[in-house]
Amino acid sequence: MRGTKPNDKPDYAQDLVSDETVSRYREQGLIRIPGMLTREEVDRLLEAALRQLDEADKVAWDRGGGRVMDWVAHVDRRCADLRGLALHPRITAIAERLAGGPLRMLKSELLRKAVGGSAPTPLHADAPAIPFTGRPIGMTAWVALTDVPIERGCMTYIPGSHLMPHERDETPPGQSPDPFRWPRNMIWEPRVTVPVRAGDCTFHHENVLHMAGRNETDQVRVSLATVYMDADAVFEPSDLVPDDLGGMEPGQPLNDDRLFPLIGAGR
Ligand code: NI
């Protein structure tokens, strides 16, 4: 139980998520918390997000002849409003309660699935894009800033897949493993599709497999994905991840309070 030090923040998370919810998250690797943001917060943050998507340099991900999505990397470093969302007191308190330990913010990305037949997001786990070792508690908090029904590309997960081995076919010598190849043992596992309203937040474990549909509607899909990581994690470079984390050395702990602030109760 936190909240005993005089300057600690109030312990929101005890009230916001029950022990049962925490257990379900740990079993399934995902949870949806409806109504995380107020209508006023959604309106203000969506306006800031659309401005960033208009003005900032973006990373584009094209695949299979279509655009999966584009995003503003490290948007928390250029927009105070969205930094406030990435470090939102309720979201970060819940993240630490779900993870069961202190976390740092690793990165936040402002994601857009544009109108007009964008490509689906292929099945993947986030872990290969999070080049750290530590207690296995990396997670992504995904906040919808627009309604995201199935037709607008909401996420589908394989519950429990963070606890299963991800069995992949042998990678030919000299080639990198394809992170988007379906693990052989997951093809027949049940999947759960989770439409969300603007202001809802989902949390998913870094090893849970997930995918998203294309945006078939006439409105953009906007969300903020923030990755939180074990506060004591250590950098371990991977082929998949370009070094956009501030020039970290292999084996370096994630202890830069400016780039990777402690969140929630640890702040
Ligand atoms: Ni993902």
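**Strands 8 and 9.** I began with strand 8 (residues 155–157), which pairs with strand 9 in the antiparallel sense over three bridges. Strands here are DSSP E runs of at least two residues, helices are H or I runs of at least four, and both are numbered from the N terminus. Two strands pair if DSSP finds at least two bridges between them. I found Tyr-157 opposite Val-192 in strand 9.

**Basis.** The model is predicted: local features need pLDDT of at least 70, side-chain atom pairs count only at pLDDT 80 or more, and totals for chains, interfaces and linings use all residues. Residues are numbered from 1 along each chain as its sequence is written, and side-chain values use heavy atoms, with hydrogens and water left out.

I then traced the open sheet of four strands, with order 5-11-8-9 and antiparallel pairing. Its edges are strand 5 (121–124) and strand 9 (192–194), each pairing on one side only.

**Nickel site.** I looked up the donors next. His-124 (NE2), Asp-126 (OD) and His-210 (NE2) coordinate the nickel ion at 2.1 Å. Donors are N, O and S atoms within 2.8 Å of the metal (3.2 Å for Na, K and Ca); water is not among the atoms, so sites may look incomplete. The donor spacing in sequence reads H-x1-D-x83-H. His-124 is buried, at 12% relative accessible area. Asp-126 is buried too, at 13%. Buried means under 20% relative accessible area, exposed over 50%, partly exposed in between (1.4 Å probe, protein chains only).

**Cores.** Which residues touch the most other members of the largest nonpolar core? I noted Leu-85, Ile-91, Leu-110, Phe-203 and Tyr-228, out of 40 residues. Such a core is a set of buried Ala, Val, Leu, Ile, Met, Phe, Trp, Tyr and Cys residues joined through side-chain atoms within 4.5 Å. Another core, of 18 residues, lies apart from it and includes Leu-30, Met-69, Leu-111 and Cys-154.

**Leu-53.** I placed Leu-53 in helix 3 (residues 39–55). Leu-53 counts as buried because its relative accessibility is 3%. Leaving out residues up to four places away in sequence, Leu-53 touches Lys-58, Val-72, Leu-110, Arg-112 and Val-222. Contact means heavy atoms within 4.5 Å. Leu-53 and Leu-110 are 57 residues apart in sequence, yet 7.8 Å apart C-alpha to C-alpha.
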